Amino acid sequence: MKQVPAAGYPVPEVASHNSSGQLYVPVFTGTSREELDTLLGRYPTKMAALLPALWIVQRERGWVSDDAMAEVADVLELTPAYVKGVVTFYTMYHQHPVGKYFIQVCTTSPCGICGADDVVRAFLQHTRSSDLGVTSADGRYTVIEVECLGACGFPTPVMINEEFIESVTPGKVPDLLARLP
Amino acid sequence: MGYPHPLHERETPLLSRYFGDPEARSLDGWKSRGGYKGLEQALGMAQADITNVVKDSGLRGRGGAGFPTGLKWSFMKPGDGKPHYLCCNADESEPGTFKDREVMRWTPHALVEGCAIAAYAIGAETTYIYIRGEFTEPLLWMNRAVEEAYADGILGANAMGTGKRIDMHVHKGAGAYICGEETALMESLEGRRGNPRIKPPFPAVSGVFGMPTTINNVETLAAVPQILLQGADWYKKMSLSNPKSTGTKLYSVCGNVKKPGTYEVVMGFPFKDFLYDLCGGPLDGRKFKAVIPGGASVPIQTMAEAEATLMDYEGFVAQGTMLGSGGVIVIDDAQSMVRVIARIARFFAHESCAQCTQCREGTAWTTKILERIRDGHGTMEDLDTLIEIGENMTGTTICVLSDSCAVPVISGIKKFRSEFESLIQGRRVHPVLEAVA
């Protein structure tokens with residue numbers, strides 16, 4: 001049963017089973033739904049709230065699953081295929097679960113000529129990650145190379161989840177990792 | 001100022017004066033530094049008069065294309081009955097460029113004020129500031145500044161008590177260089193894949209949500225309040241060479257240089273003094289070899305070209321390149337140009353939206369061939385192939401990402417051919433071929 005509240009879009013039932021029979025708890029309830037309502041007021045179309053809505057999903061769940069895409073589609077009156085098309089265009093939405101700490105190291109040319117490759121190697125070594133994009137066995141870390149983070153004067157910039165760290169050198173890597181809870 | 005370095009006496013800090021000053025970030029701090037006087041003045045002026053001041057000042061787009069800002073604004077016709085929009089392009093992603101980041105994280109209210117003035121001038125009730133998703137710090141400060149400005153009545157239905165509506169929203173991107181292309185940014189803002197649109201129609205006719213839209217870069221908009229306050233003539237006089245280039249420009253300097261950072265100088269400043277004096281010259285024991293002065297998309301300069309350049313829109317063109325975004329990438333003699341250029345090509349291959357065949361295929365093949373040469377498996381024919389691919393990638397696509405990939409490759413091969421040739425001449429047999437033999 002779908003209700004149509006004042007917000008003007010159908011709200012999914014609190015939890016439902018997806019086509020594989022797994023339980024899915026919707027994201028857009030409570031404060032997340034209020035947040036989305038506020039966002040919808042900023043744009044003349046519902047579709048324009050798609051990127052912000054996907055950001056809310058990723059913040060709440062850590063990644064954007066097919067079920068979450070279906071929910072977003074439902075809420076914004078789009079099709080799941082359309083939402084997936086948008087999700088796959090942008091690099092920052094995780095389409096798979098990632099480690100507790102998602103580490104992005106900039107290796108584009110300006111950082112590349114200042115030693116970014118050594119920073120990548122240091123992160124792989126100290127997180128015991130077997131390769132780029134492969135989450136470490138303990139589930140804590142996923143290290144990737146990222147294209148230009150836009151802080152080229154502070155080589156090498158690194159993002160650990162939402163935290164932006166400037167001027168990382170291989171020698172600083174163990175301390176950076178050690179202070180993560 | 002040359003943040004994170006102290007102000008150099010030859011700089012002219014209009015936008016960068018408060019970089020590194022955390023107190024300038026808050027509304028109170030900004031007001032005590034003269035903030036929002038420009039907006040106050042603007043709201044008492046006729047819309048066309050504001051546009052005319054900006055036109056007369058000679059201000060040109062600081063994002064890369066250098067289009068005259070006042071002229072762009074004049075394409076918008078207030079009172080045509082349609083909703084108008086202002087977009088602020090804060091998707092700064094051009095490799096080598098990080099000036100807008102400094103504007104947003106140190107002086108967020110300068111941008112809010114500039115946006116508000118522009119929005120009023122073009123008759124836009126709503127402004128979207130599109131900031132790339134990776135910029136968590138600028139996002140934090142811009143969101144905070146917009147909230148403060150709303151709470152203080154600077155923004156909203158009754159902006160500064162004048163009865164005029166100025167709404168402003170920060171929109172977070174999600175990781176796509178191409179969304180810095182103006183029409184791709186609008187597609188993205190509408191909740192679509194960031195594929196650039198065919199022009200015309202231009203944004204002033206049909207922009208975001210199909211409505212008349214003006215889109216300006218962060219640095220351009222942040223310069224507007226001071227132009228209004230101090231006058232067009234004051235701004236126009238800041239030009240050491242060509243009168244078509246006026247005011248100051250922020251340059252972000254990176255790569256193999258002693259003092260990387262963001263510097264601000266007047267148009268026409270000598271590039272040689274800039275590199276050796278302001279930026280401290282090369283690292284100890286090294287020599288500069290090449291400069292990419294306007295972000296990765298512009299032609300590579302030899303040092304002879306760079307040292308003869310006067311830093312303005314025309315000055316860079318006269319020395320075989322472009323001012324672009326002002327992202328100066330300095331490359332020294334310890335670097336392999338082949339490696340640098342191959343990495344730039346990989347960037348563009350990664351960022352191609354893949355709409356146009358020439359770009360999708362061209363960026364990918366260019367990268368493959370360059371990496372083959374880099375790894376010692378190239379042939380002389382590869383160089384001709386690269387130039388041929390590059391020529392086919394130029395001027396044949398919806399947007400200029402394709403051209404941007406070809407530019408450093410073609411200029412790099414032409415100016416540093418010997419580095420490519422020596423790698424090719426010393427080439428090793430490809431391991432796969434060796435195994436087959």
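**View 1. Burial and extent of chain A.** Of the 181 residues that make up chain A, 39% count as buried. The model is predicted. Along the principal axes, the C-alpha atoms of chain A fill a box of roughly 55 × 35 × 30 Å.

**View 2. Helices and strands of chain A.** Chain A holds seven helices and six strands. Their order along the sequence is β-β-α-α-α-α-β-α-α-β-β-β-α.

View 3. Domain 1 of chain A spans 16-89. Domain 2 of chain A spans 101-178. Taken over C-alpha atoms, the centres of domain 1 and domain 2 of chain A are separated by 29 Å.

**View 4. The largest nonpolar core.** This core has 181 residues. Three of its residues touch the most other members: Cys87(B), Leu111(B) and Cys115(B). Helix α6 of chain B, residues 108-122, gives the most to this core. The contribution of helix α6 of chain B is eleven residues.

**View 5. Contacts of Leu111(B).** Leu111(B) is one of the residues that touch the most other members of the largest nonpolar core. Neighbours within four places in sequence are left aside here. Leu111(B) then contacts Cys88(B), Val103(B) and Met104(B), together with Met142(B). Val218(B), Leu221(B) and Ala222(B) are also in contact with Leu111(B).

Conventions: Residues are numbered from 1 along each chain as its sequence is written. Chains are lettered from A and ligands numbered from 1 in the order in which they are written. This is a predicted model: local features need pLDDT of at least 70, side-chain atom pairs count only at pLDDT 80 or more; totals for chains, interfaces and linings use all residues. Helices (H or I, at least four residues) and strands (E, at least two) are DSSP runs, numbered from the N terminus. A residue is buried if 20 or more other C-beta atoms lie within 10 Å of its own, exposed if 12 or fewer, and partly exposed in between; C-beta atoms are placed from the backbone. Domain bounds come from an automatic or database domain assignment. A nonpolar core is a set of buried Ala, Val, Leu, Ile, Met, Phe, Trp, Tyr and Cys residues joined through C-beta atoms within 7 Å. Two residues are in contact if their C-beta atoms, placed from the backbone, lie within 7 Å.
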